[in-house]
Amino acid sequence: MTKFEEGLKKDEFVCSECLTCKKLVWPPNNFCNRCFGAVKWRPVSRCGKLVEFSKKDETVFCIAEFENEIRIMGSLKCSCVPVIGQSLKLVKCSHNESEEFVFQLVI
Amino acid sequence: MRKVALTDFGLTEFNKDDIAIDSLMLSAVKSLFDSAPNLSQKDVDVVLTSTNDNSKYLSSIVSEISGIRPKISHSVESLCNSGANSVISAFSYIASGLADVALVVGAERFDSPGLVLEWDKSRGQYKHPIYWSSMFTKSHVRKYGTTKEDLAIVSAKNHNHALDNPCAYFKKTYSIDEIMNSKNLTDDIRLLDCSMPCSGSAAILLASEEAMKKLTDSPVWITGIGQKTLSAGFTKNEELASMESTIGAATMAYKMAKKKPGDIDVAEVHDAFSICEIIEVEDLGFVRKGKGNEFVRTLYETNDRRINPRGGLIGAGHPLGATGIAQIVEIGQQLQGKAGKRQVSQARVGLVQNMSAAATSSSILILES
C-alpha cells in the first residue's frame with residue numbers, strides 16, 4: 001500500500017512533491033515524473049474548484065482541481081446547480097476497493 | 001524506409017459467444033487465408049496478436065495452431081488502441097527490412113478485463129467508461145450547444161450503416177426517438193449512445209512491395225502514421241471537449257502522408273460513445289471545432305457513409321483488441337472497392353482513428369489505394 005492510499009484510509013489527502021522542482025507529482029509516486037528527483041509526502045489543500053460535472057441517478061459526480069495541478073473525480077454534494085469554476089472543498093476521502101473522494105460546493 | 005501494403009483481410013462475426021481467445025483468433029486467421037489463395041503459412045515471418053485478454057504466450061499459440069513458424073512473434077496490449085498499434089508495429093518490422101510478410105490478428109471476449117482501467121487514481125471510484133464520456137459530453141454540450149438529438153443521430157447513423165455489415169453485433173436500426181428514450185445511464189449518456197463490449201476477431205496481412213506482388217493485385221498502402229500518448233490517467237486531457245492525443249496523432253499522420261483532412265474520402269473513427277464521433281470529426285480537421293454535430297447530422301440526412309461505413313463501434317460492436325484491426329480492414333476493403341453495400345464511391349484515401357482509455361492515447365493511419 002502506498003502512502004497515498006494509507007492517507008486516504010485515514011481521510012487524509014496526501015501527495016508526493018518533488019524536492020528539486022517543488023511540483024506536486026501526480027499520480028503520486030516515489031520519484032518526480034518531471035526530473036526523477038526524490039520526493040517528500042505532504043497534505044494537499046482540500047480547497048479546489050469545479051472543472052466539470054454530471055449526474056447518475058441522484059448522485060452528482062465531477063472533476064475537481066486542487067492546487068491548480070491535480071484533477072480527480074469524485075461525488076459532489078450540492079443543493080443548487082453547480083457552476084463551472086465554483087469553489088469546493090474535499091469533505092471526505094477514503095480507500096476501499098478504490099479511491100473515494102466526496103466534495104462539497106462552497107456557497 | 002520500405003513501402004508497406006495491406007493485402008488480405010479476415011473477420012469473424014461480433015457477438016456475445018463464449019469462445020476461447022485463441023479460437024477466436026484462429027477463426028479470423030482462417031477467414032484471411034481462405035480469401036488469399038496465393039498465401040502460404042511459410043510466407044509469414046511475423047505474427048502479432050492484439051488483445052486485452054490475460055492469456056500468456058498468445059502469439060506463439062496462435063502461430064502454432066495456424067501452422068506458422070514466424071521469425072518474430074509477440075502480443076501488443078494498449079487497451080482499446082491495441083489493434084492499430086499492432087498494425088503499426090507490423091508496419092515497422094516490414095518498413096525497416098526486418099520482415100517481409102506480417103500477420104496481425106486481434107480478438108477480445110465479451111468479458112474482457114480491459115473494460116476498466118483499475119490503475120487510474122484520477123478516476124477514484126468512477127472508473128467505468130460512462131463517467132469519462134459523461135464529462136466529454138457535458139463539456140461539448142456546454143461549449144458548443146450539442147443536443148441529445150445530435151448525440152442520438154450518431155447512434156442512428158451508425159446502426160443504419162451496421163445493417164450492411166454482416167459481421168456487426170447489431171442487426172437492427174433504431175429511430176432517433178428510440179435512442180433518446182433508451183435508458184439514461186447518466187444525465188448525459190443513454191444506453192444506445194454506447195458501444196457494446198462483445199466477442200470478435202479481425203486479421204490483416206501486411207507485406208513489403210516485393211512480397212505483395214505474389215499476394216494481391218489491389219494493394220492498399222499505409223502512407224501515414226501518427227501516435228500520441230498523453231498519459232494513462234484520465235484527467236491529463238485538460239480540454240474536455242477535445243481529444244489532445246487525437247489532434248497530435250492526426251498532425252503526424254497527415255504530415256507523413258502529405259495529405260490534408262480534405263483529402264480523406266472515407267474514415268473509421270473510434271465512436272466508443274456518440275460524443276466521441278462528434279469530437280473526432282472536429283479534431284481530425286474534417287470540420288471546424290464546434291461544428292461536428294452539424295456535420296454528422298448532414299451525413300445522416302443525406303445517407304452519406306464516409307464516416308464509419310461499417311457501423312463504427314456503436315453499430316458493429318467493440319471487441320477491444322480487434323476493434324482497431326476491424327477499422328483498418330474496413331478502410332482497406334473500401335479502398336480496394338470490395339465493401340459491397342457499404343462501398344463509398346471513388347474512395348482513394350482513407351483514415352483510421354483508434355484511441356484508448358478516454359482518449360489518453362490515439363493511433364491514426366492514413367491508407368491509399
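**Close-up 1. Packing of the buried residues of helix α8(B) in the predicted model.** The buried residues of α8(B) pack against β6 (220-229), α9, β8 (349-356) and β9 (361-368) of chain B. These buried residues are B:S245, B:T246, B:A249, B:A250, B:A253, B:Y254 and B:A257. They lie on the same side of α8(B), because they cover an arc of only 150 degrees around the axis. In an α-helix there are 3.6 residues a turn, so residues three or four places apart point the same way.

Close-up 2. Just after α8(B), B:K258 has a positive phi of about 55 degrees.

**Close-up 3. Contact of helices α5 (residues 148-162) and α9 (residues 274-283) of chain B.** The two helices pack at an angle of about 95 degrees, and their axes are 8 Å apart. The angle makes α5(B) roughly perpendicular to α9(B). From α5(B) the contact uses B:D150, B:L151, B:V154 and B:S155, and from α9(B) it uses B:S274, B:I275, B:E277 and B:I278. By class, four residues of this contact are nonpolar, two are polar and two are charged.

**Close-up 4. The side of chain A that touches chain B.** Here 16 residues of chain A are in contact with 18 residues of chain B. On the chain A side, the elements giving two or more residues are β4 (47-56), β5 (59-66), β6 (70-77) and β8 (99-105). The largest share, five residues, comes from β4(A). The residues of this side of chain A divide into seven nonpolar, three polar and six charged.

How values were computed
Residues are numbered from 1 along each chain as its sequence is written. Chains are lettered from A and ligands numbered from 1 in the order in which they are written. This is a predicted model: local features need pLDDT of at least 70, side-chain atom pairs count only at pLDDT 80 or more; totals for chains, interfaces and linings use all residues. Axes are lines fitted to C-alpha atoms, for helices over the stretch in contact, and angles run from 0 to 180 degrees between N-to-C directions. Helices (H or I, at least four residues) and strands (E, at least two) are DSSP runs, numbered from the N terminus. Angles under 35 degrees count as roughly parallel, over 145 as roughly antiparallel, 65 to 115 as roughly perpendicular and the rest as oblique. Two residues are in contact if their C-beta atoms, placed from the backbone, lie within 7 Å. Ala, Val, Leu, Ile, Met, Phe, Trp, Tyr, Cys and Pro count as nonpolar, Asp, Glu, Lys and Arg as charged, and the others, Gly among them, as polar. A residue is buried if 20 or more other C-beta atoms lie within 10 Å of its own, exposed if 12 or fewer, and partly exposed in between; C-beta atoms are placed from the backbone. The arc is that of the directions from the helix axis to the C-beta atoms.
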